[in-house]
Amino acid sequence: MKERVFFDTNIFIYLYSEDETQKQNISQRAVDKYDCVISTQVLNEFSNICLGKLKRSSEEVALAIDEIIEQCTLLVVEEHTIKSALKIHSRYKYTYFDSLMIASALNFDCKYIMTEDLADGQVINDKLTIVNIYSEQNIVKYLDL
């Protein structure tokens, strides 16, 4: 059985980026290896970046979202997740939106949160480990490359 892992938005940005092929390959390997979990927040952030920075059309973004949803469990951000995020923000001092992602991962009992942006190796609430999947040591440890 695959380990349940929450994936940050940047994993999917690299999957659909045309200029970061190494990170694209790492991202795909991670999505294939783990039981992928995302939240509606991740899809919103992904859509915003694709439409803006990556200059993708609405149709292209909609197709990408369909592909992502096929590979991942999608969590809806609800009131209890928002309140949990506020506690995480207060305790760990992450931004609210990073805290919301962490709260989503915790609420779905994910073992890891794969990202590039947070404190690699930090354990949240003695349950969730933050992993920068693009670091050399983590590529070996978590992707067996």
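Two strands are said to pair when DSSP finds at least two bridges between them, and strands themselves are DSSP runs (E, at least two residues), just as helices are runs of H or I with at least four, all numbered from the N terminus. The model shown here is predicted, so local features need pLDDT of at least 70 and side-chain atom pairs count only at pLDDT 80 or more, while totals for chains, interfaces and linings use all residues. Residues are numbered from 1 along each chain as its sequence is written, and side-chain values use heavy atoms, with hydrogens and water left out.

**View 1. Strands 1 and 2 side by side.** Strand 1 (residues 4-7) and strand 2 (residues 35-39) run parallel and are joined by three bridges. Look for Arg4, whose bridge partner in strand 2 is Asp35.

View 2. Six strands line up in the order 3-2-1-4-6-5, with mixed pairing. Strand 3 (72-75) and strand 5 (123-124) stand at the edges with a single partner strand each, so one side of each is left without a neighbour in the sheet.

**View 3. The largest nonpolar core.** A nonpolar core joins buried (under 20% relative accessible area, 1.4 Å probe, protein chains only) Ala, Val, Leu, Ile, Met, Phe, Trp, Tyr and Cys residues through side-chain atoms within 4.5 Å. The largest one has 50 residues, and Phe7, Ile38 and Met114 are among those with the most contacts inside it. Helix 6 gives the largest share of this core, six residues.

**View 4. Around Met114.** Leaving out residues up to four places away in sequence, Met114 touches (heavy atoms within 4.5 Å) partners including Val5, Phe7, Tyr34, Ile133 and Tyr142.
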